[in-house]
Structures are given as C-alpha cells and as structure tokens.
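Today I'm going through the contacts between the chains, then the domains, then a few side chains.

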Amino acid sequence: MLQNALPPDSQSSQTLPAVRKGRSLNPLTWLGELSESRYWAYLLLLPSLLLVVAVIVYPVFYGVYLSFQQFNLLRAGLGMKFVGLQQYTELFADDDFWVIIKNTFVWVFGGAFSQFFLGLVVALALNRKNLKGGPLARVLLLLPWVIPSVVAGHMWALLLDSRLGVINDILVKLGILTSYRAWFADPATAMPAVLLVDMWRGTPFFTLLLYAGLQSIPEELYEAAEVDGASGWAKFRAITIPMLTPVIVAAVILRVIGLVNSPDLMIVLTNGGPGLATFTLSLYAFQIAYENFNFGAAAAVSVIMLLILMVFTTLYLKFSGVTKNT
Amino acid sequence: MAFQNFRNSQKAMRRLYDAIAYVIVACMLVFALGPLVWTALTSIKPESDIVTNEMQYIPAHPTAEHYIKLWNRSGVTTMFRNSAFTTTLTVVLCLLVGTFAAYSISRYRFRGRGGILTFYLTIRMFPAVLMLLPLYIMLRNIGLLDSLLGLALTYTTFSMPVSLLMLKGFFDAVPADLEDAARIDGCTRLGALFRVVMPLARSGIAATAVLIAVGAWNEFLFALMLTNSESSRTWPVVLQLMVGEFQLPWGLIAAGGMISIVPIIIFFAFAQKALVRGLMVGAVKG
C-alpha cells in the first residue's frame, strides 16, 4: 500500500532536488523529503483514491454495465451478450417483483421510522440532566449495534421460537397470548418480527447520534426560552427539533442505506418467506446472484436499488432543507 | 404565593419527567440486554434443559459442554484465525491509507478538496450487492477470490469513507501550531505527522480502529459470497452455514454467538468514549 504513495517512476522525482542529488538512500528519509514537495497533499490521498476507484467506483459502473448483459457465471463459456433493457423489462413484467418492491418499502420505512422514533425517545431520556447511571446505560444500550447480524438473527430466532421461545412463554404467562405463535412462519407476523429484530440492532445507532446531537445544543437557548416562559413542548419544537435536524437527516439517510442494502437478517431468519412475505430487493438480488449465478439479472435488481436510494436521498435532502444552509 | 406555586409545580413536573426518563431507560435496557442475557443463559444449559415443556429461566445444571464441543469441531479454530487475520489486516490497511487521506484533507487546502470530500460521502450510498457481483468477477480474475487478502482489501475500502471522516475530525482537533514547532525543529511533514499529530490523536485513532475492526469482524454478505473454502471462511459465515447444514442444537448456536461477540464487547468497552465522539463527528459532517 505504501508504495502507492510514491511516484511510480523517475519522472516525478525530478521535481525533488534532494532526491536528484542522491543524498538519501534510506526510503524513510526519502519519503520524508517527498513530503516537502508540493504534491504531498495529493500523494497522501492517492492510495485511498486508488482503492476506492478499484473496489467501489469501477465495480459500480461494471455492475450497471452487467445489468444490460445476459451473463450467467455458471455458463461463463457463453460469455456476455448485450440484451439492452431486457433484464429490466422481464423484472417489471414479473408480479413477484412488485410484491418485493412493496415489501422493500415496508421494510425500509417501517425500520427507519420505528428505529428513529424509539432512538429519539431514548436519547431524550438519556439527555435528562443528573440521570443516575447515565454513562453506563449509554454504553450498554449501544451493545446490540455491534453484535453481528448473523448472531443477532439466531438469538432472536431462539427468543421467538414457536416451541422453545421465551417470548412466547412470557406472553402466554402474562395472558396476552393463549398459545405459542410461530412468528416467522405466519405471513401476518413475519415482517413485523424481522422488523423487531432490526429495531433491536438499529435503534442504538439513532440513540447514539441523536444523544450526541442533543448534547451539542447550547444550554443558553433553553435558558433564554425559559425566561420567555416557553413550555416544555414549545422548547422541544422551537429549539430541539430545528437544532437536531442535521443529525436526524444524516442518521436517517445512513440507516435507510443500510436497510435497503443488507439482506443479512432475512438470510438468517426467513429467507424471504413465508411465501414472499419478507422478500426484499436486496435479498432478491443476492439470491439470483448467489444461488443462480445469474449476474446480469442480479445487477439489474441492484441498479434499481441504487436508483431508489438516489431518488430518496435527493428528495429527502431537498425537503428537509439541510443543504440550504451549508 | 402564586410564584411559589409555580415553582412547586415546575419542580413536580421536573420530577415527573425524570421518572419517565428512568422508566424509558430501564425498559430500553431490558430490550437491549435481554436477548444477550438469554443467549448467555441458553449457552450454559444442557440441551435437555433447553428443549423442555416447562421453560427454565435460571439454568439448573450449568455446563460448559457447548463451548467445548464447539471448540473441538473441525474448522472452528481455523475460521476464528481467519476472522482475526482478516480483521487485523483490514484495520492496519484502513488506518494506514485512511490516516494519510484524512490528514491531507484535514491539513491542506488544495484544489478539489471539497469535491473529494463529497465524493467520499456519496460512495457510501452504492448498494453492496451491486458491487458484490463485479468484485466477484474481478477478484476471480486476479486470483484473489476465496482469499483473506481479497476480503481484507474489500473491507478496507468499505470502511474507508467513515474512518476517513472520523480521523479527519480527530486531526482537526490537533492544533497546527504543534506541527509548525516540530517543523521548525527540522521535522519533515511526514515526520510531524508520525511524531506529533498521530500520538496526539491516538485515542481517536484507537476508536476508529475499533469501528473498523467491528465492521470487519461482523461482515457477513461479502464473506459469504467471496469465499468458498474452509481456509478462508470467516466466523459469521461458518456459523450461518453450520446452522443450515447440521441443524445445530440451540445450545451450540448460543455458545457460538457468545464466543463471537466476546472480542467485540472487549474492544468496544475499551474505546467506547472516543468511538461515540468520532461517530458523531462523522455523521454530522456526513
């Protein structure tokens, strides 16, 4: 990696008098002298740019290109064949596809809303002054966020199990349920159940960011409002929400990107089922690629995901108005 | 008198709000920690106590049998090593490359700086699945498919934008005067970076390292797609595949889950303060 920071050929070293004199043979010294050249700022950026171009930018364009090709990795011998928009038209003609689109919206908006709301409530509670045990609670509340999705999935599969699930047991003992339920096998409860698991993992992210955002609001604003006799709700609406908006927007965008892109929980918990009840676009793309190796069709699904994300981000940024000030 | 009443009612309101805050935090703690506690309890119950008609809340016969069984399973130590190696390599590469880039953006004002920053922010939006397919083909062509190096390079790149933003925030906080002083004393710019800036930003760098490590350790989708032999499978993938293939008993799954989150919790406890600060910087600026 380090070599990337160096000019690959002797041409660029002509701009470096010290090197031309051949004074330094030690590579560290040489690097040190290189850092005095006027290209240093760019040289520092070079390795990261190379990596990003190779691993992200190029693959994205390649992926878009693939979506116009017929290409199956299992039949790679047939090579690629340009089919234009055929992959897309086939998708649009498929009724399942529209069910999956609908599921994706339920998953993404259900997830983002529930996690944002719960995260905000918890962040406001943590933000009370003199809350005893606050620092410890903050760390503990953050824990689910660093648990691997696979482990989180299996934990909840056990908790919600139809025979051995402790949640069933508690609900029955409390009299809320009369008998155990198969949460993930029932089309009516499968999506809410997966959303609950994601709420467990995703809420701490909102709590963390919103709490930090609340902490950065100057105390004087509230004091001034109190002098003017503002009620708690008025303070919340006139100070907290506007001051928090940039954080909210950033957090929601990041979480939506995460929700659109990761099929992890579905892979572990339901595999899209029962029927198509929890099938989302990311899982669909992944299955076409991983199980059928039909990379052309999978790429087309991914491009649709990218387009949805781009439209969402643009609209959201526009309507939230955060870009106006900055 | 009226004022006194007002003060009292305000005090009462404050107490009420405090009480609500405690209730919310307590409920949330149960929600956040309950599943972890339950998994831990399950992992030390013998299988006969897990599969029962009457739910057993406190393990009656605590045992380490699941942990021992899991550890002796073929391939488990290999994949643990794989995960550790990939994670370490990712952290080293990402910190190295990210530090250079973050330092450049933090310290220098050059043409295209704003554009590069925006670019790093927008690339976070690209769907992983879209990159997954081309990456699969590319890595296969250069012989890095099914290798830990290929996986680490991928993780490095995906972690870079966030770590770059975090690191930039930490570098911004180091006063430039200190560097200038070192430069007057004959330090090169590179020397000043390594001898002055990095030591001062070390808690921030550690926090960034933890974030990168957690991401690499937990990653599932790419690891599943880009590796296919036991010699390069990582922990989450093997855990998932074992469950699928062998219909693993719950005790083993719970033990596997516990083993895999222990390193994360240790890391996390170690750097949580700076981690929170850095993430905040990254998200708000982002």
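This is a predicted model: local features need pLDDT of at least 70, side-chain atom pairs count only at pLDDT 80 or more; totals for chains, interfaces and linings use all residues.

How many salt bridges does the rule find across the interface of chain A and chain B? I got one.

**Entry 1: the A/B interface**

I looked up the partners in that one bridge. B:Asp18 and A:Arg128 meet through their side chains, with N to O at 2.9 Å. Next I went for polar contacts between chain A and chain B and counted twelve residue pairs, both residues at pLDDT 80 or more in each. On the chain A side, helix α4 (residues 40-66) gives the largest share of what touches chain B, namely 21 residues. Sorting that side of chain A by class, I noted 78 nonpolar, 15 polar and ten charged residues.

Then the totals. The contact takes in 103 residues of chain A and 90 residues of chain B. I have the area buried between chain A and chain B down as about 8,800 Å², and carbon and sulfur atoms give 81% of that.

**Entry 2: domains of chain B**

I checked how chain B is divided. The domain assignment gives domain 1 (2-43) and domain 2 (67-285). Their C-alpha centres lie 35 Å apart. Five residues from domain 1 of chain B and six residues from domain 2 of chain B make up the contact.

What does the contact between these two domains bury? About 420 Å², with 80% from carbon and sulfur atoms. I found zero salt bridges between domain 1 of chain B and domain 2 of chain B, and one residue pair in polar contact (both at pLDDT 80 or more).

**Entry 3: chain A overall**

Chain A has 16 helices and two strands. Of its 326 residues, 54% count as buried. I also looked at contacts in chain A with a separation of 6 or more: residues 24 or more positions apart account for 62% of them. The domain assignment here is domain 1 (2-66) and domain 2 (86-325), and 40 Å separate the C-alpha centres of these two domains of chain A.

**Entry 4: A:Ser282**

I picked A:Ser282, which lies in helix α14 (residues 281-290) of chain A. Is A:Ser282 buried or exposed? It counts as buried, because its relative accessibility is 1%. Leaving out residues up to four places away in sequence, I listed what A:Ser282 touches: A:Val260, A:Asn261, A:Ser262, A:Pro263, A:Met305 and, from the other chain, B:Val129.

**Entry 5: salt bridges inside chain A**

Over all chains the rule gives seven salt bridges.

A:Lys173 pairs with A:Asp169, with the closest N and O atoms 2.8 Å apart. These two are four residues apart in helix α9 (residues 166-173) of chain A, so about one helical turn separates them. A:Asp169 counts as buried, at 6% relative accessibility.

A:Arg181 and A:Asp186 form another, at 3.5 Å from N to O. A:Arg181 is partly exposed at 33% relative accessible area, and A:Asp186 counts as partly exposed at 25%.

Last, A:Lys235 and A:Glu226 meet at 2.9 Å, N to O. Here A:Lys235 is buried, with a relative accessible area of 15%, whereas A:Glu226 is partly exposed at 37%.

Technical notes: Residues are numbered from 1 along each chain as its sequence is written. Chains are lettered from A and ligands numbered from 1 in the order in which they are written. Side-chain values use heavy atoms; hydrogens and water are left out. Contact means heavy atoms within 4.5 Å. Buried area is the accessible area (1.4 Å probe) that two parts lose on being put together, summed over both. A salt bridge is a side-chain nitrogen of Lys or Arg within 4 Å of a carboxyl oxygen of Asp or Glu. A polar contact is a pair of N or O atoms within 3.5 Å; within protein, one must be able to donate a hydrogen and the other to accept it, and residues adjacent in sequence count only if both atoms are side-chain atoms. Ala, Val, Leu, Ile, Met, Phe, Trp, Tyr, Cys and Pro count as nonpolar, Asp, Glu, Lys and Arg as charged, and the others, Gly among them, as polar. Domain bounds come from an automatic or database domain assignment. Buried means under 20% relative accessible area, exposed over 50%, partly exposed in between (1.4 Å probe, protein chains only).
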